[in-house]
Amino acid sequence: FAQARGPLPPSYVTHPPAPFLLRAMGELLGGAAVAGAIAGGMVGAPQRRGHTAAATAAAAVGLALGPGHNVPLLATAPAAPKMWALLLASSVTAAVLFVLAYGRLRPALHPLEARRQAV
């Protein structure tokens, strides 16, 4: 949404008007929730698709509130490629670390399942 809008006046960066902030936050959080739900629905197992979509939508909103909150203001700035690269790098790194940590913790989280697999 932010890239389609075009560049912002310099005064918006230091003193954004309230209607712009409401629209930007709606676009940011709404877009993140919809994109996260669609992505979660596509990768989730059929029997858990709704749960996966909701969890991924919540994660996307969390990302939007964290490092992604700069997107509406900086999407058309000259530094936009750097911002997108940093967002992608941090997201991929977090995903890889999460999967590795879950793999190491899984036997501790599910001791009965680990014993069944060992037998």
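So, which hand does the crossing of H3 and H4 have? It's right-handed, meaning that the near helix is turned clockwise from the far one by less than a right angle.

Quick caveats: this is a predicted model, where local features need pLDDT of at least 70, side-chain atom pairs count only at pLDDT 80 or more, and totals for chains, interfaces and linings use all residues. Residues are numbered from 1 along each chain as its sequence is written, and side-chain values use heavy atoms, with hydrogens and water left out.

Okay, the overall picture. The protein chain has 7 helices and 0 strands; helices are DSSP runs of H or I with at least four residues, strands are E runs of at least two, and numbering goes from the N terminus. Of its 119 residues, 18% count as buried, that is, under 20% relative accessible area with a 1.4 Å probe, protein chains only.

Back to our pair. The axes of H3, residues 18-43, and H4, residues 49-65, come within 7 Å and cross at roughly 145°. Those axes are lines fitted to C-alpha atoms over the stretch in contact, with angles running from 0 to 180 degrees between N-to-C directions. Who's touching, with contact meaning heavy atoms within 4.5 Å? From H3 we have, among them, Leu 28, Ala 32, Gly 36 and Gly 40, and from H4, including Thr 52, Ala 53, Thr 56 and Ala 60.

Now H3 by itself. It has 26 residues and reaches 37 Å from its first C-alpha to its last, close to the 38 Å expected at 1.5 Å a residue, counting one less than its number of residues. Phe 20, Ala 24, Leu 28, Ala 32, Gly 36, Gly 40 and Gly 41 are buried in H3.

Methods. Contact = heavy atoms within 4.5 Å. Buried < 20%, exposed > 50% of the residue type's maximum accessible area, 1.4 Å probe, protein only.
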